[in-house]
Amino acid sequence: MSAEKGAKIFQAKCSQCHNTEKGGSNGQGPNLWGIVGRPAGTIASFSYSSANLNSGLTWDKKTLNKYLVNPKKMIPGTKMVFAGLKKKQDRKDIIAYLSSCSDNA
């Protein structure tokens, strides 16, 4: 797993809708600072779909890995318009990067 590679993947695939800056604003998607370990749908300033709000998920590494394969399959009704990351290594790298975007890193 490489947080450095994950940062590059995030920039190419995710930064159009999300950012990972501490205290950063939401875009089309919520800010992802501190996402690893956070319950789904809990950024107060973001308008989540009811599917996401009611998913009962916590974004641990295993859950993120499954979600990033195909978000709409895992949470039908999500607003996230993303086909997914099919390559396992890309998912591992992006999760390593997201893990580093935290006060607990």
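I read along the sequence and find the pattern α-α-α-α-α. The chain has 5 helices and 0 strands; I take both as DSSP runs, helices being H or I of at least four residues and strands E of at least two, numbered from the N terminus.

I note that this is a predicted model, where local features need pLDDT of at least 70, side-chain atom pairs count only at pLDDT 80 or more, and totals for chains, interfaces and linings use all residues. Residues are numbered from 1 along each chain as its sequence is written, and side-chain values use heavy atoms, without hydrogens and water.

Next I looked up the overall dimensions. The C-alpha atoms fill a box of roughly 35 × 30 × 25 Å along the principal axes. The radius of gyration, over C-alpha atoms, is checked against 2.2 Å times the number of residues to the power 0.38. For 105 residues a compact globule would come near 13 Å, and the chain agrees with its 13 Å.

Then burial. I find 39% of the 105 residues buried, meaning under 20% relative accessible area with a 1.4 Å probe, protein chains only.

I turned to the core. The largest nonpolar core holds 19 residues, and Phe10, Trp59, Ile94 and Leu98 have the most contacts inside it. Helix 1 (3-13), helix 3 (61-69) and helix 5 (88-100) each supply at least two of its residues. Helix 5 gives the largest share, 4 residues. Such a core is a set of buried Ala, Val, Leu, Ile, Met, Phe, Trp, Tyr and Cys residues joined through side-chain atoms within 4.5 Å.

Last, I followed Leu98. Leaving out residues up to four places away in sequence, Leu98 touches Phe10, Thr20, Leu32, Ile35 and Val36, with contact meaning heavy atoms within 4.5 Å.

Terms used. Buried < 20%, exposed > 50% of the residue type's maximum accessible area, 1.4 Å probe, protein only.
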